[in-house]
Amino acid sequence: MSDAGWSELLRQLAYKAEWYGRTLVVADRHFPSTRRCSACHALSGPKELSVRVWTCALCGTEHDRDVNAAAA
């Protein structure tokens with residue numbers, strides 16, 4: 001990564017996505033993926049990095065922080 005840079009990585013990913021008929025979605029840098037429930041899309045408050053599992057206050061779904069962020 002240090003020699004090519006992020007723009008080259010994104011260019012390659014876009015090329016591969018087009019080649020295989022896929023869609024590349026690039027999230028905004030400040031998108032709250034670890035705070036947004038992937039089930040009901042409700043936003044929760046900020047969490048310490050030590051919080052690895054949390055429960056949505058609106059729908060009651062329990063989330064692993066990393067899995068939820070990937071699904072949001």
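Me: A polar contact is a pair of N or O atoms within 3.5 Å, and within protein one of them must be able to donate a hydrogen and the other to accept it. The model here is predicted. What does the side chain of R52 reach, and at what distance?

Reply: The side chain of R52 reaches the backbone oxygen of L49 at 3.1 Å.

Me: Where is R52 placed, and what makes it partly exposed?

Reply: R52 sits in the loop between α1 and β1. Its relative accessible area is 37%. Buried means under 20% and exposed means over 50%, so R52 falls in between and is called partly exposed.

Me: How do you know that R52 and D66 form a salt bridge?

Reply: Their side chains meet at 2.8 Å, N to O. A side-chain nitrogen of Arg within 4 Å of a carboxyl oxygen of Asp is called a salt bridge, so the pair qualifies. This pair links distant parts of the chain, with R52 in the loop between α1 and β1 and D66 in helix α2, 14 residues apart. D66 has a relative accessible area of 47%, so D66 is also partly exposed.

Me: Which residues does R52 touch, leaving out those up to four places away in sequence?

Reply: R52 touches H63, D64, R65 and D66. For R52 and R65, the C-alpha atoms are 5.2 Å apart in space, while the two residues are 13 apart in sequence.

Me: How many salt bridges does a search of the whole structure find?

Reply: The search finds two. Besides R52 and D66, the side chains of E8 and R11 meet at 2.8 Å, N to O. That is within 4 Å, so E8 and R11 also form a salt bridge. Side chains of opposite charge can pair when their charged atoms come close.

Me: What separates E8 and R11 in helix α1?

Reply: E8 and R11 are three residues apart in helix α1, which means that about one helical turn separates them. E8 is partly exposed at 27% relative accessible area, and R11 is partly exposed at 47%.

Me: Why is H63 called buried?

Reply: H63 has 6% relative accessibility. The cut-off for buried is under 20%, so H63 is called buried. H63 lies in strand β2, residues 62–64. Leaving out residues up to four places away in sequence, H63 touches several residues, including C37, W54 and N68.

Me: How do you know that the side chains of H63 and N68 make a polar contact?

Reply: The distance is 3.2 Å. This is within 3.5 Å, so the pair counts as a polar contact. N68 is in helix α2, residues 65–71. A polar atom of the N68 side chain also lies 3.4 Å from the backbone oxygen of S33.

Me: Is N68 buried or exposed?

Reply: At 2% relative accessibility, N68 is under the 20% cut-off and therefore buried.

Me: What makes V26 exposed?

Reply: The relative accessible area of V26 is 54%. Exposed means over 50%, so V26 is called exposed. V26 lies in the loop between α1 and β1. Together with W6, L9, L10, L13 and L24, V26 makes a nonpolar surface patch of about 560 Å².

Me: How does the reach of α1 compare with what is expected at 1.5 Å a residue?

Reply: α1 has 14 residues and reaches 20 Å from its first C-alpha to its last, close to the expected 20 Å. Just after α1, G21 takes a positive phi of about 70 degrees.

Methods: Residues are numbered from 1 along each chain as its sequence is written. This is a predicted model: local features need pLDDT of at least 70, side-chain atom pairs count only at pLDDT 80 or more; totals for chains, interfaces and linings use all residues. Side-chain values use heavy atoms; hydrogens and water are left out. Helices (H or I, at least four residues) and strands (E, at least two) are DSSP runs, numbered from the N terminus. Buried means under 20% relative accessible area, exposed over 50%, partly exposed in between (1.4 Å probe, protein chains only). Contact means heavy atoms within 4.5 Å. Patches are made of residues with over 30% relative accessible area and no salt bridge: like charges are joined within 9 Å, nonpolar side chains (Val, Leu, Ile, Met, Phe, Trp, Tyr) within 5 Å. Accessible areas come from the Shrake-Rupley method with a 1.4 Å probe; for residues, only the protein chains shown count as cover. The expected span of a helix is 1.5 Å times one less than its number of residues.
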